[in-house]
Amino acid sequence: MSEGHIRKSPAKFSIPRLSYRVWRVWRRNIDVFFKTVKVNFFPSLLEPMLYLFAFGFGLGGFIPNIAGQPYINFIAPALVAVAIMNGAFYECTFASFVRMYFQKTFDAIVATPVSVEEVVAGELLWGATRATINASIVLLVVAMAGLFTPVPLVSSPLFLLAVPLAFFGGLLFASIAMCFTAAASNIDFFNYPTFLFLTPMFFLCGTFFPLTSLPVAAQGLAMAVLPLTHVINATRALLVGTVEPILGLSTSTLLLVSSIWLVTATCFFFVLSINLMKKRLTS
Amino acid sequence: MMDMSSSEVLIEASGLTKKFGEFVAVDHIDFEVHRGECVGFLGPNGAGKTTTVRMMYCFLMPTSGVLKVAGLSVNTSCREIKALVGVAQQEDNLDPDFSVIKNLTVYARYFDIPKAEALKRAEELLRFFQLEEKRDVSIMALSTGMKRRLIFARALLNKPQILLLDEPTTGLDPQARHLVWDEVRLLKKQQVTVILTTHYMDEAQILCDRILIVDQGKIIEQGTPADLIKKHVGTEVLEMDYDQKLMPLLKEAFGEARMERLGERIQIFTDQPHGVFEGFLNEHKLQNVSIRNANIEDVFLKLTGRGLRET
Ligand SMILES: Nc1ncnc2c1ncn2[C@@H]1O[C@H](COP(=O)(O)OP(=O)(O)O)[C@@H](O)[C@H]1O
Ligand SMILES: [Mg+2]
């Protein structure tokens, strides 16, 4: 084949080659965010406050201690994890789809030296950033609320590590979300992942009740395939210092398992989503 | 007209093909574009114009064949190619989340143009395209014509050597079209190479040094507008209402000339010097007659057997 000839098959699955231009795409999104910061920021403070208030203070009054802690201390770290999940997932499904499909923003950007892979990676990093912003807001609310609870909601300055955790956890959810976006033919499609993936995780990953109260098989399943379980393990460890003994494992073992799970899954879905999007956008 | 043989080939396609599944959108086309030329792809909707242009800036990968832009292969040198090329896409893909000026400055960032320089170029372009008053308004507040001009302006931010304009005037009123045409002429003077797609015959004829007529993924003819017209339809066209009784008269007067019946009208083409029709008209008093210069539309009609806008 002479130079200039094409590989017959469309681009194969590959590790994306990325440059600093990823951050140009990220910058575009953050510029839009700051333009609309009032609508983005303040309403998102309300939701975690409602959860803490309704479940923590309200419902919590009827619930005995869980693993030696008041109920509100059990759910507070989970709310941070849920904010990571929802922030990244929304951004890289609905919001990315609007930019890609309705606004044709990606089409405009790929006519510049920025590549398709970089556009998608920029979106993923932005999804992770959005998760970080949302989680930080919740973290702030939790820390403040902790001033009025019998046991503070954050046990040590380690809780600040939840901010970088939010970025990496956010990157995982953003990447998973982007895989759905690559497959979406219209915006209603996102009802499937929202109701079949997010909502079950919201209830079944040890958010509002301990995973340990479920059968061992269910615990195993949650550890094997539900990413939120691992993010909650990490936020629990950072905020209150202990994780419930899922599958009978100790806090440090769980933390190790969850870290490995998160890193592996993030790498896998990051690469997968970029490849799927590239296929969708260029063939 | 420029001397093609001595000038540098900037875009080169051979056997260029694009399939979507089994459907062949671009079918083994060959063409060359030289530096400083304005080349028009003229063809009906669905002919494959956009697909061809999209391959030139790596938006789509060719299925097979060779495509080189500025000597670089679209398979291996996308980044370099895209730095040299300015693209005004067919659809409106301005960023509705930003104001007019911010659309330009954000776009300049993708080309690594420093902030101060980007702002300077953006202001210049807004002036050039008569959009200064809209500088700070939202994209939503622009008319179709203004949006097209802003897309055109955005394509010039990186001072491209090659400009790809995909239907730059579709949907514009005559005034806005003329504004776009003026800008294309100005860029040609600055030796920018322009690729233009259109389904407007007059536009192709007026702006382009060379026209490639495309239909169903193939280039069916190419040449300068004047050569194409001369080769296929001649110099002048006589048009009148069709009337059975006139036919023998016409046959006698124009003998070999090609005649086409289009519904209730009849067209007679001649390659004779101007004036052959006048004599005939002086002899016979006819209603609804016109003599006009042959144009690209006649060429297209002859080559494809149908009008451009019917498809
Ligand atoms: N992404 C795509 N997938 C499938 N078919 C396509 C795609 N893009 C274009 N086509 C088809 O290819 C043909 C040529 O399209 P296009 O290049 O847009 O034509 P033009 O710009 O001349 O109107 C059309 O029949 C169109 O429907
Ligand atoms: Mg088109």
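## Where the two chains meet

In this predicted model, the contact between the chains draws on 26 residues of chain B and 23 residues of chain A. On the side of chain B that touches chain A, strand S4 (64–69), helix H2 (78–84) and helix H3 (100–110) of chain B each supply at least two residues. H2(B) gives the most to that side, with four residues.

Four of them form an open sheet in the order S2-S1-S4-S5, with antiparallel pairing. Which strands lie at the edges? They are S2 and strand S5 (72–73) of chain B, each of which pairs on one side only.

Strand S1 (residues 9–20) of chain B runs antiparallel to S4(B), and five bridges join the two. As a landmark to look for, B:Thr17 stands opposite B:Ser64 in S4(B). S4(B) also takes part in the chain contact, where it is one of the elements supplying at least two residues.

A helix goes with this sheet: H1(B) lies across S1, S2 and S4 of chain B and runs at about 120 degrees to S1(B).

## Around ligand 1

H1(B) comes back into view at the ligand. The residues around ligand 1 are B:Phe20, B:Phe23, B:Ala25, B:Gly43, B:Asn45, B:Gly46, B:Ala47, B:Gly48, B:Lys49, B:Thr50 and B:Thr51. Strand S2 (23–34) and helix H1 (49–56) of chain B are the elements that give two or more residues to this shell. The largest share, three residues, comes from H1(B).

By class, the shell around ligand 1 holds four nonpolar residues, six polar residues and one charged residue.

## A helix pair in chain A

Over in chain A, helix H2 (residues 37–58) packs against helix H5 (residues 116–145) at an angle of about 45 degrees, with the axes 9 Å apart. That angle is why H2(A) counts as oblique to H5(A). The crossing of H2(A) and H5(A) is right-handed.

Which residues make the contact? H2(A) brings A:Ser44, A:Leu45, A:Pro48, A:Met49 and A:Leu52, while H5(A) brings A:Asn134, A:Ile137, A:Val138, A:Val141, A:Val142 and A:Ala145. The residues of this contact divide into nine nonpolar and two polar, with no charged residues.

Definitions and conventions:
Residues numbered from 1 in each chain as written. Chains lettered and ligands numbered in written order. Predicted model: local features only at pLDDT ≥ 70, side-chain atom pairs only at ≥ 80, totals over all residues. Near = placed C-beta within 6 Å. Nonpolar A, V, L, I, M, F, W, Y, C, P; charged D, E, K, R; others polar. Axes fitted to C-alpha atoms, helices over the stretch in contact; angles between N-to-C directions. Parallel < 35°, antiparallel > 145°, perpendicular 65-115°, else oblique. Left-handed = near helix turned anticlockwise from the far one by under 90°. Contact = placed C-beta atoms within 7 Å. Pairing = 2+ DSSP bridges.
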